[in-house]
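Please open the structure in your viewer and keep the sequence beside it, so that each selection below can be followed in turn.

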Amino acid sequence: MQYLVQMKLADSGRAATPQEGLAFIEQFVLPTLELCKKLQDEKKILAGGPVVGAIALALVVKAESTQELDELIDSLPIWPRMETTVTPLTSFDGRAVAVRPRLERLRAMVQR
């Protein structure tokens, strides 16, 4: 299954001093980018990346279960500082199959 994972820096995660900013980049940002690159090479992250002009990520992740997805997100060093939204995705074929019965019901209503 594929999931859209959107992560943005929580207001409480902002660095207040240059020292905190330095630590944030060294301990959270760079290790997260390195791990995301590895997950992309492993085909766990299928698309997406860092959001331009923001401390945020938008990723399409492939996971066999919600547990696997949860573990992947939790493994990102930056995760504790982020607000995360996960949206399960279906396939185009899957959506077409789901829509066809509705189409048939609407056709029947129109023909009456």
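Helices (H or I, at least four residues) and strands (E, at least two) are DSSP runs, numbered from the N terminus, and contact means heavy atoms within 4.5 Å. This is a predicted model, in which local features need pLDDT of at least 70 and side-chain atom pairs count only at pLDDT 80 or more, while totals for chains, interfaces and linings use all residues. Residues are numbered from 1 along each chain as its sequence is written, and side-chain values use heavy atoms, with hydrogens and water left out.

Next, highlight Gly21, Phe24, Phe28, Thr32, Leu35, Cys36 and Leu39, the buried residues of H1; buried means under 20% relative accessible area, exposed over 50%, and partly exposed in between, with a 1.4 Å probe and protein chains only. An α-helix has 3.6 residues a turn, so residues three or four places apart point the same way.

Staying on H1, centre the view on Ile25, where there is a kink of about 40°, the bend at a residue being the angle between axes fitted to the seven residues ending there and the seven starting there.

Move on to Lys43, in the loop between H1 and strand E2 (45–50). Its phi is near 65°, a positive value in a residue other than glycine, and Lys43 is exposed, with a relative accessible area of 58%. Most residues other than glycine have a negative phi.

Now select the strands, which form an open sheet of four in the order E2-E3-E1-E4, with antiparallel pairing; two strands pair if DSSP finds at least two bridges between them. The edge strands are E2 and E4 (82–89), each of which pairs on one side only. H1 packs on this sheet, touching E1, E2 and E3, whereas H2 packs on the sheet by touching E1, E3 and E4.

E3 pairs with E1 (residues 2–9) over seven antiparallel bridges, and Val5 has Leu59 of E3 as its bridge partner. With E2, E3 pairs in the antiparallel sense over five bridges, and here Pro50 is partnered by Leu57.

Finish at the hairpin formed by E2 and E3, which has five residues between the strands, and pick out Gly53 in the turn, with a positive phi of about 75°.

Note on methods:
Axes are lines fitted to C-alpha atoms, for helices over the stretch in contact, and angles run from 0 to 180 degrees between N-to-C directions.
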